[in-house]
Amino acid sequence: MASKPYILQILVLVFIFLPFTNSIHFKFPSIFNFGDSNSDTGELVSAGIESLEPPHGQSYFQMPSGRYCDGRLIIDFLMDAMDLPFLNAYLDSIGIPSFRKGCNFAAAGSTIQPASAQAVSPFSFGVQVAQFVRFKARVIELLAKGNRLDKYLPAQDYFQKGLYMFDIGQNDLAGAFYSKTYDQILALIPTILIEFETGIKALYDQGARNFWIHNTGPLGCLAQNVAKFGTDPSSLDEQGCVSKHNQAAKVFNLQLHALTKKLLGQYTDSNFTYVDIYTIKYNLISNYSKLGFEQPIMACCGFGGPPLNYDSRIACGKTKEINGATVTAKACNDSSEYINWDGIHYSEAANQYVSSQILTGKYSDPPFSDKMPFLLNLKF
């Protein structure tokens, strides 16, 4: 009799090689986003849990914007490509924010699994979904009272016609390496994805029908992880990335892809697009010089200098006393030469490249380039 792991591997492969029958279109009136710092446009900062100082935001906003980046994130470039405004964070209530074209529930540090007491962010995926449910109910309630707020709120049918985007899971894996073995992390992945599936089903029950799911990137190539887990050269691959972190990401992505296929089979009235962020980012790191970058792993904004310019004791833009001296984690002269911004997050230049590759359609299942009339208008 076949073992359970062997049967699971077969099912994963069967799901992945089944073709998607529904191809996504790109005429969405609104976007609802869920995730972590890769797509947080101000949620964690608005919650008062963390603060960001300059040089965050310097390349585009000229000031910190709530994004863990020198400028724009992947989601910002995707919104721009779809001729939609940048998403406001759900908790950002200052300055009369408009949620007419959607809302961003992503928060830095968030995980798919419920947050622990030690977590950076309490806004796990389940909490973000609950925030969406509250958001939708409140919008419908306000719309019923009259037209005064129409220009700030999505129309009721936008909740079904809108695109639901997801980029989350990286922190579940990266955080697990601090307390678990590699095999224990692999054994945890199905549990993580059950939680993700529960959230997707809850959104479907709320009327969501268009799902855009990013897989997780090569987290072994982040300076933070190289500094902590890559001190032994034998633990690194040919690009200088921590091998086991990347292997765990690949296993997670394989099972996430299979789950996406399974969901499509269950919800035949829906569109599911799986986007291979891992391959895009690893290709960027592997070919950084050809693509115009000078540094594939070293942080632009950090402390410590080469080879990583990363020190876990001090974050980008902060000033602290370290070893008896007052130091500041400062930015490099030209962040466009760096793939990595602060040791954990990508620079605007890298995000722009990743976005341009997403928009080719060839890294998605199903491919969608023939569905994108706005491709010729891209600024990349």
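A disulfide is taken here as a pair of cysteine sulfur atoms within 2.5 Å, and in this predicted model a search of the whole structure finds 3 of them. One joins Cys301 to Cys316, with an S to S distance of 2.0 Å, and the torsion about its S-S bond is about 90 degrees, so this disulfide is right-handed. Both cysteines lie in the loop between E6 and E7, so the pair ties together parts that are 15 residues apart in sequence. Cys301 is buried, with a relative accessible area of 0%, and Cys316 is buried as well, at 6%.

A disulfide also links Cys300 and Cys332, whose sulfur atoms are 2.1 Å apart; here the torsion is about -95 degrees, so the disulfide is left-handed. This pair connects distant parts of the chain, with Cys300 in the loop between E6 and E7 and Cys332, 32 residues away, in the loop between strand E8 (325-328) and strand E9 (338-340). Cys300 has a relative accessible area of 2% and is buried, and Cys332, at 15%, also counts as buried.

A further disulfide joins Cys221 to Cys241, with an S to S distance of 2.1 Å, and its torsion of about 105 degrees makes it right-handed. Cys221 is placed in the loop between E4 and helix H8 (223-229), whereas Cys241 is found in the loop between H8 and helix H9 (243-266), 20 residues apart. When the bonded cysteines are numbered in sequence order, the pairing is 1-2, 3-6, 4-5. Cys69 is in no disulfide, the nearest cysteine sulfur being that of Cys316, 10.0 Å away, and Cys69 is buried, with a relative accessible area of 0%.

The loop between strand E6 (295-299) and strand E7 (319-322) also holds Asn309, a residue other than glycine whose phi is positive, near 50 degrees. Ser312 and Gly302 are 10 residues apart in sequence and 9.3 Å apart in space, C-alpha to C-alpha. A positive phi, of about 60 degrees, is also found at Asp83, which lies in the loop between H3 and strand E2 (102-104) and is exposed, with 68% relative accessibility. Most residues other than glycine have a negative phi, and most peptide bonds are trans. Cis peptide bonds join Pro54 to Pro55, with omega about 15 degrees, and Asp365 to Pro366, with omega about 5 degrees.

An open sheet of mixed pairing is formed by 6 strands in the order E2-E1-E3-E4-E5-E10. E2 and E10 stand at the edges with a single partner strand each, so one side of each is left without a neighbour in the sheet. Strands E3 (residues 163-167) and E4 (residues 210-214) run parallel and are joined by 3 bridges, with Tyr164 opposite Phe211 in E4. Helix H4 (residues 125-143) lies across strand E1 (31-35), E2 and E3, running at about 155 degrees to E1.

The largest nonpolar core contains 86 residues, of which Tyr164, Phe166 and Phe196 touch the most other members; helix H7 (residues 182-205) gives the most to this core, with 9 residues. Beyond its neighbours within four places in sequence, Phe196 is in contact with residues including Ile112, Phe125, Phe166 and Leu256. A second, separate core of 7 residues includes Met298, Cys332, Tyr338 and Trp341.

Terms used:
Residues numbered from 1 in each chain as written. Predicted model: local features only at pLDDT ≥ 70, side-chain atom pairs only at ≥ 80, totals over all residues. Heavy atoms only, no water. Helix = DSSP H or I, 4+ residues; strand = E, 2+ residues; numbered from the N terminus. Buried < 20%, exposed > 50% of the residue type's maximum accessible area, 1.4 Å probe, protein only. Pairing = 2+ DSSP bridges. Contact = heavy atoms within 4.5 Å. Axes fitted to C-alpha atoms, helices over the stretch in contact; angles between N-to-C directions. Core = buried A, V, L, I, M, F, W, Y, C linked by side-chain atoms within 4.5 Å.
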